[in-house]
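Dear colleague,

Please find below the structure that I am handing over to you. The notes that follow it set out what was found.

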2 protein chains.
Amino acid sequence: MGQALPQHDVYQAIADPSRRRLLRLLTQGEQPLSALSGQFDMSRTAVSKHLRVLREAGLVTERRAGRETRYAFRPEPLTELRDWLAYFEQFWDNKLAMLKHMVEDGNAAD
Amino acid sequence: MGQALPQHDVYQAIADPSRRRLLRLLTQGEQPLSALSGQFDMSRTAVSKHLRVLREAGLVTERRAGRETRYAFRPEPLTELRDWLAYFEQFWDNKLAMLKHMVEDGNAAD
DNA sequence: ATCATACGAAACCAAATGGTTTCATGTCAA
DNA sequence: TTGACATGAAACCATTTGGTTTCGTATGAT
């Protein structure tokens with residue numbers, strides 16, 4: 001009954017600077033672990049664990065290709081963050097919030 | 001030399017659901033610890049610690065008023081989150097990203 | 001077949017996290 | 001001045017986190 005629930009959410013996933021950097025790197029396209037871990041000081045295994053957290057949050061997908069595992073960025077879970085943030089935007093930047101409503105609702109804004 | 005560096009950043013601060021809830025509560029206005037901790041199952045001390053994390057991230061201020069400590073929401077640090085997110089928006093919502101550039105740069109967008 | 005490559009799993013570890021309870025202190029009220 | 005209220009500090013604890021090293025196992029190249 002039902003798939004395993006994700007053990008990490010998007011908020012936890014982006015809390016770590018290394019994981020944020022991984023996401024950035026992956027916006028340049030799908031990459032195997034070896035290419036990614038080459039960008040970090042930590043061990044390949046550690047990077048692999050970070051990627052797992054990102055995957056559990058739905059922010060990356062894995063795909064085996066021969067002996068490589070290729071990771072790809074999935075932006076969708078970031079919408080939750082965006083929505084969460086949107087609520088607070090009214091407290092520091094009305095202009096942007098209004099524009100978002102224009103776009104999303106198709107309404108004129110004054 | 002220099003002030004104590006903040007031990008928590010905004011990404012860590014919002015990683016915890018209780019802290020996100022605290023921020024929401026505080027958008028309704030400045031409130032003392034007792035009012036806030038009344039909304040949670042955990043102890044007053046635990047809520048106090050969460051508020052400290054938020055304060056270290058710059059998301060709340062404290063002010064002593066008699067025997068109370070009143071906490072208030074400060075939205076500014078969320079701009080860092082917004083900016084971080086903005087980079088990724090192009091990967092799932094071009095329309096919004098283009099509008100933001102129009103607003104921020106004052107440029108036409110095609 | 002052999003060997004190097006690419007990776008995951010497991011065991012381990014130190015430090016951080018999220019919570020508790022107890023205690024001390026300052027403030028307001030009677 | 002006595003006592004209740006509001007809070008922070010400290011000590012403590014279990015679990016999670018972020019890292020390591022070692023080992024096993026596919027896969028691809030020679």
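A polar contact is a pair of N or O atoms within 3.5 Å; within protein, one atom must be able to donate a hydrogen and the other to accept it, and residues adjacent in sequence count only if both atoms are side-chain atoms. The model is a predicted one, in which local features need pLDDT of at least 70 and side-chain atom pairs count only at pLDDT 80 or more, while totals for chains, interfaces and linings use all residues. Residues are numbered from 1 along each chain as its sequence is written, chains are lettered from A and ligands numbered from 1 in the order in which they are written, and side-chain values use heavy atoms, with hydrogens and water left out.

Contacts with the DNA

With that definition in hand, a polar side-chain atom of B:S43 is 2.7 Å from a phosphate oxygen of DNA strand C. The side chain of B:K49 instead has an N or O atom 2.4 Å from a base oxygen of DNA strand C.

In total, 24 residues surround DNA strand C, and the closest include A:S34 and B:H50; a residue is near the strand if one of its heavy atoms lies within 4 Å of it. Of the DNA atoms within 4 Å of the protein, 59% belong to sugar or phosphate, and the rest to bases.

Which helix gives the largest share of the surface near DNA strand C? That share, five residues, comes from α4(A). Helices (H or I, at least four residues) and strands (E, at least two) are DSSP runs, numbered from the N terminus. At least two residues each are supplied by α3 (33-37), α4 (44-56) and β3 (68-73) of chain A, and by α4 (44-56) of chain B.

The strands of chain B

Two strands pair if DSSP finds at least two bridges between them. β2 (residues 60-65) of chain B runs antiparallel to β3(B) over six bridges, and B:T61 has B:A72 as its bridge partner. These two strands form a hairpin with two residues between them, where B:G66 in the turn has a positive phi of about 65°. β3 (residues 68-73) also pairs in the antiparallel sense with β1 (residues 31-32) of chain B, over two bridges; here B:Q31 is partnered by B:Y71.
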